[in-house]
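Keep the picture beside you as you read.

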Amino acid sequence: MSSTTEASPNPAGATTGRPRSGGSAAGGAARGRPGGRDLLVALPWIAPALLLIFGVVLFPAGVMFYNSTRDISLSGLDKGSVGFDNYVEVFNFPYFWPIFFRTIVWVVVVVAFTVLISLGLAQILNKAFPGRRLVRLVVIIPWAASVVMTTMVVYYGLEPYFGIINKFLVDIGLVDTPEGYGWTKNPTTAFMWAIIVAIFVSLPFTTYTILAGLATVPSDTLEAARMDGAGPIRTYFTVVLPQLRGALSVAVLINIINVFNSLPILRVMTGSIPGYDADTIMTMIFKYIQNQHKVDVASALSVVAFLIVIVIVAVYVKVVKPTREI
């Protein structure tokens, strides 16, 4: 009698391994997947960010791509669609590939030297010494000052006879004649000085990013390395540098994007040089708009530049994996 009245210890469906309809397992799965109601609740909070992304990134990119497929006159009149003819003109331009490779050189050299110098500066500024706070403030100056102003100072400092940088080079014997070398008139030397200026103005951000990374290195880890007999160099490369992975990844990625899209430095340093021997993709876009008034071709080149940046960032993230834990 008792065997027929006792409740079964297993709920229905337990022997088959399938949860009951409307059971806790189904409810948990439903709770794990945000539904339309959850999205509506979250929409007021994420709407400003979505609008900002649409207004600042997606909409301008869409307009840029649309203009790249149009025939736009010098006065700005849209004459209709030309398909991908503007892209054909870009790639058929005789100087496109030299400009493309010069852009790669520009980005690689500036970012590489910026990171290497910043690693040394951050290591020095991380030490305790008298006046450290003042030195840290001085490092910010190139970042706080206008990039155009900094470039103009260097540009006029290289002028023959009265340029202070040129005069210094003459005084120390690196330049033989007082009129100087003509640094800003030669495409190669003007491009070289533009690289130096770009490194100089990129140092503050990169240095402070690495400095922030150094602040997170545990002191007990450094002490353990010293107790194990590791010298300063070995400690830096085996303990400190791996701890800077996150800071370095962010600094390099942002520097790649900023340097690739940099226009003011090259515009000031190489803008007076005729031809295309000192141009990058950004200065070429500027010339298409300012000098030739070809908004449609400039838009096509801008789309190409945008895709190049996307590819570089995607490859960098895939290879470096900046979010991966040490």
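The second largest cavity has a volume of about 40 Å³. Here a cavity is a set of points, on a 1 Å grid over the protein atoms alone, where a 1.4 Å probe fits but cannot get out, and lining residues have an atom within 4 Å of a point. Grid points are joined across faces, edges and corners, and a volume is the space filled by probe spheres set on the points.

Before going further, a word on the source: this is a predicted model, in which local features need pLDDT of at least 70 and side-chain atom pairs count only at pLDDT 80 or more, while totals for chains, interfaces and linings use all residues. Residues are numbered from 1 along each chain as its sequence is written, and side-chain values use heavy atoms, with hydrogens and water left out.

Which residues line the second largest cavity? They are Leu266, Arg267, Thr270, Gly271, Asp279, Thr283, Phe286 and Lys287. Helices α13 (264–270) and α14 each supply at least two residues of this lining. Helices (H or I, at least four residues) and strands (E, at least two) are DSSP runs, numbered from the N terminus.

Around the largest cavity you will find Val90, Phe93, Phe96, Ile99, Ile281, Met284, Tyr288 and Leu301. The elements giving two or more residues to this lining are α5 (96–125) and α14 (281–290). The largest share, three residues, comes from α14.

The table sets out the linings by class. Ala, Val, Leu, Ile, Met, Phe, Trp, Tyr, Cys and Pro count as nonpolar, Asp, Glu, Lys and Arg as charged, and the others, Gly among them, as polar.

| Cavity | Volume | Lining by class |
|---|---|---|
| Second largest cavity | about 40 Å³ | two nonpolar, three polar and three charged residues |

**The chain and a helix pair**

Now step back to the chain, which has 15 helices and two strands. Of its 326 residues, 34% count as buried. Buried means under 20% relative accessible area, exposed over 50%, and partly exposed in between (1.4 Å probe, protein chains only). Residues 24 or more positions apart account for 65% of the contacts in the chain with a separation of 6 or more; contact means heavy atoms within 4.5 Å.

Two packed helices are described by the angle between their axes and the distance between the axes. The axes of α5 and helix α12 (residues 245–260) come within 9 Å and cross at roughly 145°. Axes are lines fitted to C-alpha atoms, for helices over the stretch in contact, and angles run from 0 to 180 degrees between N-to-C directions. Where α5 meets α12, α5 contributes residues including Trp106, Val110 and Leu119, and α12 contributes residues including Leu248, Asn255 and Phe260. By class, this contact has eleven nonpolar, three polar and no charged residues.

Is Ser299 buried or exposed? Ser299 is buried, with a relative accessible area of 8%. Ser299 lies in helix α15 (residues 295–320) and, leaving aside neighbours within four places in sequence, is in contact with Met64, Asn67 and Ser68.

Thr189, in helix α9 (residues 187–215), is also a buried residue, with a relative accessible area of 9%. Not counting residues up to four places away in sequence, Thr189 touches Tyr181, Gly182 and Trp183.

Pro264 lies in helix α13 and is partly exposed, with a relative accessible area of 34%. With residues up to four places away in sequence not counted, Pro264 touches Val147 and Val148. The C-alpha atoms of Pro264 and Met149 are separated by 9.7 Å, although these residues are 115 residues apart along the chain.

Finish in the loops. Gly275 sits in the loop between α13 and α14, where its relative accessibility of 40% counts as partly exposed. Between the C-alpha atoms of Gly275 and Tyr95, 180 residues apart along the chain, the separation is 9.6 Å. His293 has its place in the loop between α14 and α15 and counts as partly exposed at 40% relative accessibility. Phi of His293 is near 55°, a positive value in a residue other than glycine.

Methods. On a 1 Å grid over the protein atoms alone, a cavity is a set of points where a 1.4 Å probe fits but cannot get out, and a pocket is an open set with protein on both sides within 12 Å along at least five of seven lines; lining residues have an atom within 4 Å of a point.
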